[in-house]
Amino acid sequence: MSGVSDPTVMTPEAAPDNEMHDVLVIGGGPAGSSCAYWLAEAGWDVALVEKKVFPREKTCGDGLTPRSVRQIADMGLEDSLSGAHRYGGLRAHAFGKVMDLAWPSHPGFPDYGYVITRHDLDGLVNQRAAEAGATIWQGTEAIEPILDDGPADPSGLAGCRGALVKDKATGQRREIRARYVVVADGSNSRFGRAIGASRNRQQPMGLALRGYYTSPGHEEPFIESHLDIRTADGEIVPGYGWIFPLGDGRVNVGVGLLSTDKRWKGINTGTLMDHFVAWAPKEWELSPATALGAPTGGKLPMGLSVGPRVGPNVLVAGDASGAVNPFNGEGIAYGLETGRLAAASIGEALNGGGTTSLRRYEERLDEAYGLYYEVARTFIRVISDPRLMRICVGTGMYSETLMSWILRIMANLLRPDEIGPAEAAYRAMARLAALVPEPA
Ligand SMILES: Cc1cc2nc3c(=O)[nH]c(=O)nc-3n(C[C@H](O)[C@H](O)[C@H](O)COP(=O)(O)OP(=O)(O)OC[C@H]3O[C@@H](n4cnc5c(N)ncnc54)[C@H](O)[C@@H]3O)c2cc1C
C-alpha cells in the first residue's frame, strides 16, 4: 500500500505555554489515536503527544483480524485500506496437517481481514484523529507526568494534571495540562509506571519477533499459522509461528512465545525464529537470502494484566493496560477498542459524571472481556504444558468443525447466538482450570 499523506506536524513554538485541554492522550498508536478520534469526533478538546513522527516503524505481525477491520471501518477509514492485502482466513498447520479456516460470517464483523504494515496503518489512524479535530503533537515525548499533590487516591493511581513534554527535534520542554489523561504509550508504558500502574506477573505475557522476507507467496489469500513450533531440540513450545502475506512482494514472518511458565523463560526467540524460517513450507522461499533485514521483537502484555487502569482522572488503554488477547497475541483490535471505551467513559465524565463515570471504564472492560480473558488465561496454563498442548492441538487438527470453533473463540468472533452455549462452556472450563496448577 502506498504511503500515508503527510500529516501536519505542529511545532512547539506554535503552541501557547501551559496549554489546557479537556483530555491529553499519551501515545499515538491504535489505542491513543482511537481514543483521541472518538473524543474529538464528539466535540471535546483533545491533545495527543506521540514521540515518533509518522510514518514510523512498529514491530508487529501487521495482521488485522475482522475485529480490527470493524473498528477501522467505524472510524470511516476502511476505504484507505483498499491498497492493502485483503485475506479471507487462517491456514493452520500442526503435526503435519494443514487446514484452511475461513473467517466466519458474523453480524457485527466482516468475514475478511487485511495485512498492512504498521508503518502505513498507524499514520492513517492518527491522521484520522487529527481530521476529527484532535491536536496532534508528533515528535513529542511525554517525559514525566504532572502529578496531583492531593491525597493519595484509593485506586493506587496518582492523579495526573498533564505531562512535561519534550520536542525530540529541538529538545525544548513545556507542559501540557488537561482535565483527564489517557495513558496509551504501549507495552513498555514508562508513563503508566510513573503514575503507579504495574503488570501482574502471574498473568500471561508474550514475546514475539518478526522480520520481512520477499516471497512468491506474497499474495496468498489466507494468513498462515504454525501451531507446533519447536526448539532446535524438537521440543514443542507454547506459541506459534506465522507467515502473513503483504501483497507487495513481501511476507511478514514471526514467532510468538508465551513466557508465562518458567520452563519457557530461557528460550531464545532469535533461535526459535531461525529454526522456524528453516522449517517453514518451502514454497514460501524463506531463507537468510530472502530476508529484508534483521528481525525485531517486542513484548505482548496480555489478558488486562496491567493495573490499576482507572485513577482519579486517568485511564490506561491498549498495550499499556495489557489488553492483548492471550489466545492469539492480537493487540491492534484491543488497542482500538479499549481506546474507544476509554473515550466513552471520559465523555461521560466531562459531561458532569466526574470520577464516577470514569470508573465505568473498568465496568466496560469487564463487560467486553472479563469472562473471555479469564478463560484465555486458563487456556494458557493448559497449553504451557507440552503434553496437554499436543493433545489439544493434535486432536483439533482431526476435525475442521472443531478447529473452526477454536478459530472463532481464539479470534473472539463468536456470534451472539453462539455466546450463550460458549459462555456455559467457558464457565465450565474456568472451573476445570482451577484444578490446573498455577505457573511456577
Ligand atoms: C512481534 C509482534 C507482532 C505482533 N503482531 C500483531 C498482529 O499481527 N496483529 C495484532 O493485532 N497485534 C499484533 N501485535 C500486538 C500489537 O502490535 C499491539 O498490541 C498494538 O500495537 C497495541 O497498540 P497500542 O496503541 O496500545 O500501543 P503501540 O502501538 O505500541 O503505540 C504506543 C505509541 O506510544 C508512543 N509512545 C510511547 N511512549 C511515549 C511517550 N512517553 N510520549 C509520547 N509517545 C509515546 C509510541 O511511540 C507508540 O507510537 C504484535 C506485537 C509484536 C511485538
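Select M403. M403 sits in helix 8, residues 400–410. Helices here are DSSP runs of H or I with at least four residues, strands are E runs of at least two, and both are numbered from the N terminus. This is a predicted model: local features need pLDDT of at least 70, side-chain atom pairs count only at pLDDT 80 or more, and totals for chains, interfaces and linings use all residues. Numbering starts from 1 along each chain as its sequence is written.

Is M403 buried or exposed? M403 counts as buried because it has 22 C-beta neighbours inside 10 Å. The cut-offs: buried takes 20 or more other C-beta atoms within 10 Å of the residue's own, exposed takes 12 or fewer, and partly exposed lies in between, with C-beta atoms placed from the backbone.

Now show the contacts of M403. Leaving aside neighbours within four places in sequence, they are A92, M99, L101, G396 and M397. Contact means that two C-beta atoms, placed from the backbone, lie within 7 Å.

Draw a distance from M403 to A40. Their C-alpha atoms are separated by 41 Å, and the two residues are 363 apart along the chain.

Next, select helix 1 (residues 30–41) and helix 6 (residues 332–383). Their axes come within 7 Å and cross at roughly 35°. Axes are lines fitted to C-alpha atoms, for helices over the stretch in contact, with angles from 0 to 180 degrees between N-to-C directions. The crossing of helix 1 with helix 6 is right-handed.

Colour the contact residues. Helix 1 brings P30, A31, G32, S34, C35, W38 and L39; among their partners in helix 6 are I332, G335, L336 and T338. By class, the residues of this contact are 10 nonpolar, 6 polar and 1 charged. Nonpolar covers Ala, Val, Leu, Ile, Met, Phe, Trp, Tyr, Cys and Pro; charged covers Asp, Glu, Lys and Arg; the others, Gly among them, are polar.

Stay on C35. Not counting residues up to four places away in sequence, C35 touches V25, V182, A184, A317, G339, R340, A342 and A343. In the largest nonpolar core, of 122 residues, I26, C35 and V182 touch the most other members. Helix 6 gives the largest share of this core, 20 residues. Such a core is a set of buried Ala, Val, Leu, Ile, Met, Phe, Trp, Tyr and Cys residues joined through C-beta atoms within 7 Å.

Move to the ligand. It is surrounded by 41 residues, and the closest are G29, G61, G186, G318 and G331. A residue is near the molecule if its C-beta atom, placed from the backbone, lies within 6 Å. The shell around the ligand holds 15 nonpolar, 15 polar and 11 charged residues.

Two cis peptide bonds come next. One joins F54 and P55, with omega about -5°. P55 is in the loop between strand 2 and strand 3. Another joins G307 and P308, with omega about -5°. P308 is in the loop between strand 18 and strand 19.

Finish with phi. F95, not a glycine, has a positive phi near 50°. F95 lies in the loop between strand 5 and strand 6. N412, also not a glycine, has a positive phi of about 60°. N412 lies in the loop between helix 8 and helix 9.

Notes: A crossing is left-handed if the near helix is turned anticlockwise from the far one by less than a right angle, and right-handed if clockwise.
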